[in-house]
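Colleague: I would like a close look at a single part of this model, with its surroundings described in enough detail that I can follow it in the viewer. Please take your time over the answer.

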Amino acid sequence: SAVGFCDERVELFIATDLIETESAREADEFIELAPISPGQALRMVETGELLDSKAQIALAVDYLAGGDPRSSMEQLGPAIDNALQRGARIVAAQGLLDRGEARLALGQYGPARADLAEAQAMFARMGMPEMTGETLYLTARSHAEEGESAEALALTGEAIARVEQVRNRLTTPALRAAYLGHSRAAYDLQI
């Protein structure tokens with residue numbers, strides 16, 4: 001990908017229980033497979049061998065998904081700094097969003113909202129309404145957790161408006177259904 005050069009969006013996936021098979025690559029496709037464990041990847045980040053902020057954020061998200069927001073936070077700070085130094089705005093904004101979610105899991109509502117506000121501003125400048133909806137939803141959750149129902153409800157309404165804006169641009173029912181499935185949490189919070 002062309003981090004810092006364009007606004008390309010990169011999706012990262014963590015794969016488990018893989019089975020090695022033959023690959024049908026294109027003639028001009030040169031990919032070197034290098035399977036490593038999360039522990040190995042973490043050591044590579046710590047030693048500076050793995051400097052890719054996308055991979056660092058993927059590791060942090062894996063910690064968060066595994067119920068370890070503290071370890072996630074430890075990874076996200078350097079990953080966000082790395083992304084900002086390299087001009088990778090989308091990666092940095094995603095890292096801020098993920099750190100906001102980790103802080104939310106730890107009950108650090110003020111710092112969570114600060115990260116989410118910064119991510120929100122970055123996504124808005126890059127014209128990414130699907131991501132601004134997610135930051136609004138997480139900010140609404142932080143207010144709901146603190147018992148601030150009116151603020152949570154207002155932000156949830158904004159998040160749903162963003163979800164609907166994106167949904168209306170999708171051209172096929174399958175894409176709409178997939179996007180709404182991903183965005184359902186905002187509707188659930190409003191209920």
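What follows is one request about a single helix and one connected answer.

Colleague: Which residues of helix H6 are buried, and which residues make the contact between H6 and H7?

Modeller: The coordinates come from a predicted model, and everything below should be read with that in mind. For orientation, the protein chain holds 8 helices and 0 strands, so that its elements run α-α-α-α-α-α-α-α from the N terminus on, each given as a helix in terms of DSSP runs. Of its 191 residues, 37% count as buried, and among contacts between residues at least 6 apart in sequence, 55% join residues at least 24 apart.

Helix H6 covers residues 129-145. The buried residues of H6 are Pro129, Met131, Thr132, Gly133, Thr135, Leu136, Tyr137, Leu138, Thr139, Ala140, Ser142 and His143. After the helix comes glycine 147, with a positive phi near 80°.

Threonine 139 sits in H6 and has a relative accessibility of 14%, which is why it counts as buried, the cut-off being under 20%. A polar atom of its side chain lies 2.8 Å from the backbone oxygen of threonine 135, and that distance falls within the 3.5 Å limit for a polar contact. Leaving aside residues up to four places away in sequence, threonine 139 touches Arg113, Leu116 and Leu155.

Histidine 143 also lies in helix H6 and is buried, with a relative accessible area of 10%. With residues up to four places away in sequence again not counted, histidine 143 touches Arg113, Glu148, Glu151, Ala152 and Leu155.

The partner to consider next is helix H7, residues 149-169, whose axis comes within 8 Å of that of H6 and crosses it at roughly 160°. The two helices are therefore roughly antiparallel to each other, since angles over 145 degrees are counted that way. The contact is made on the H6 side by Pro129, Glu130, Thr132, Gly133, Leu136, Tyr137, Thr139, Ala140, His143 and Ala144, and on the H7 side by Glu151, Ala152, Leu155, Thr156, Glu158, Ala159, Arg162, Gln165, Val166 and Arg169. As for handedness, H6 passes H7 in a left-handed crossing.

Helix H4, residues 89-105, has 17 residues and reaches 24 Å from its first C-alpha to its last, close to the 24 Å expected at 1.5 Å a residue. With 13 of those 17 residues buried, H4 is largely enclosed by the rest of the structure, and just after it glycine 107 takes a positive phi of about 80°. H4 packs with helix H5, residues 109-125, at an angle of about 155°, with their axes 8 Å apart, and the two are therefore roughly antiparallel. H4 passes H5 in a left-handed crossing.

On its other pairing, H4 comes within 9 Å of H3, axis to axis, with a crossing of roughly 160°. That makes H3 roughly antiparallel to H4, and the crossing of H3 and H4 is left-handed. Among the residues making this contact are Pro69, Leu76 and Ile80 of H3 and Ala92, Arg99 and Ala102 of H4. Proline 69 belongs to helix H3, residues 69-85, and counts as buried at 13% relative accessibility. Its C-alpha atom is separated by 8.6 Å from that of arginine 99, 30 residues apart along the chain. Residues up to four places away in sequence aside, proline 69 touches Leu64, Ala102, Ala105 and Leu106.

Note on methods: Residues numbered from 1 in each chain as written. Predicted model: local features only at pLDDT ≥ 70, side-chain atom pairs only at ≥ 80, totals over all residues. Heavy atoms only, no water. Helix = DSSP H or I, 4+ residues; strand = E, 2+ residues; numbered from the N terminus. Buried < 20%, exposed > 50% of the residue type's maximum accessible area, 1.4 Å probe, protein only. Polar contact = N/O pair within 3.5 Å; in protein donor to acceptor, adjacent residues only side chain to side chain. Contact = heavy atoms within 4.5 Å. Axes fitted to C-alpha atoms, helices over the stretch in contact; angles between N-to-C directions. Parallel < 35°, antiparallel > 145°, perpendicular 65-115°, else oblique. Left-handed = near helix turned anticlockwise from the far one by under 90°. Expected span 1.5 Å × (residues − 1).
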